[in-house]
Amino acid sequence: MENRTRRQLLKQCTLLSLAAAGGMAFAATPDGAPPVILVVGDSLSAEYGLTRGKGWVALLEQQLAQQKIGAKVVNASISGDTTSGGRSRLPALLKRHTPNIVILELGANDALRGLPLAMTRENLVFMARSAREAGAQVVVVGMQMPPNYGRKYAADFGAVFSEVARDEQAALVPFLLRGVADVPNAEANFQSDRIHPREEAHPTMLANVWPALKPLLR
């Protein structure tokens with residue numbers, strides 16, 4: 001009996017050590033299924049113009065596997081989607097996937113279509129609250145508009161994401177395209193449409209998301 005107790009204690013200590021080192025960042029759900037990270041985004045997350053498996057969401061899945069973080073990534077991103085589209089789709093996605101973490105990467109198409117910022121904010125708030133009420137942690141992925149949209153509009157648009165993240169207790173990625181769109185000769189990082197990043201830019205995009213996501217993987 002003593003040997004058995006000793007083995008159990010040793011096993012518990014080993015598990016605690018692994019957890020502290022980040023080797024067991026995610027516990028399995030009560031039914032034994034792996035925890036779920038749900039990405040609700042637009043073309044920046046839907047691998048528009050890329051070979052499948054080369055976008056930042058697919059790279060995230062690979063990184064989790066490499067770091068032995070047992071989690072399933074569900075990419076529910078749709079090219080051209082707006083925050084209104086995400087808002088309408090989210091309830092069914094939450095019900096179907098019961099995610100532990102929801103990454104909201106929407107808003108750029110709102111700006112491209114000239115939609116009111118108040119509506120973008122309202123939709124993001126709704127999605128963040130809905131995800132939290134469903135038991136998920138939330139990551140808000142921020143975007144920025146180029147200066148030709150007007151300095152005030154660009155500043156107000158960028159502030160929407162940080163304000164929603166602050167008010168809704170969500171993690172924040174300040175700018176998904178940092179190091180991609182705001183560097184010299186940035187056009188080299190984009191496809192011919194000058195809107196969608198090339199394959200080579202997606203590791204940088206993942207690097208921008210990771211600092212906000214990593215603390216939640218515990």
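In this predicted model, helix α5, spanning residues 117–133, packs with helix α6, spanning residues 151–167: their axes come within 10 Å and cross at roughly 20°. Because angles under 35 degrees count as roughly parallel, α5 is roughly parallel to α6. The crossing in which α5 passes α6 is right-handed.

On the α5 side, the contact is formed by Leu117, Thr120, Arg121, Leu124 and Val125. Helix α6 contributes Tyr153, Asp156, Phe157, Val160, Phe161, Glu163, Val164 and Asp167. Sorted by class, the residues joining α5 and α6 comprise eight nonpolar, one polar and four charged.

A second pair of helices can be described in the same terms, since two packed helices are described by the angle between their axes and the distance between the axes. Helix α2 covers residues 56–66 and helix α7 covers residues 202–213; the axes of these two helices come within 9 Å, with a crossing angle of roughly 60°. An angle of roughly 60° therefore makes α2 oblique to α7. Here, α2 passes α7 in a right-handed crossing.

From α2, the residues in this contact are Trp56, Leu59, Leu60, Gln63 and Leu64. They meet His202, Pro203, Met205, Leu206, Val209, Trp210 and Leu213 of α7. The contact of α2 with α7 consists of ten nonpolar and two polar residues, with no charged residue, whereas the contact of α5 with α6 includes four charged residues.

Definitions and conventions: Residues are numbered from 1 along each chain as its sequence is written. This is a predicted model: local features need pLDDT of at least 70, side-chain atom pairs count only at pLDDT 80 or more; totals for chains, interfaces and linings use all residues. Side-chain values use heavy atoms; hydrogens and water are left out. Axes are lines fitted to C-alpha atoms, for helices over the stretch in contact, and angles run from 0 to 180 degrees between N-to-C directions. Helices (H or I, at least four residues) and strands (E, at least two) are DSSP runs, numbered from the N terminus. Angles under 35 degrees count as roughly parallel, over 145 as roughly antiparallel, 65 to 115 as roughly perpendicular and the rest as oblique. A crossing is left-handed if the near helix is turned anticlockwise from the far one by less than a right angle, and right-handed if clockwise. Contact means heavy atoms within 4.5 Å. Ala, Val, Leu, Ile, Met, Phe, Trp, Tyr, Cys and Pro count as nonpolar, Asp, Glu, Lys and Arg as charged, and the others, Gly among them, as polar.
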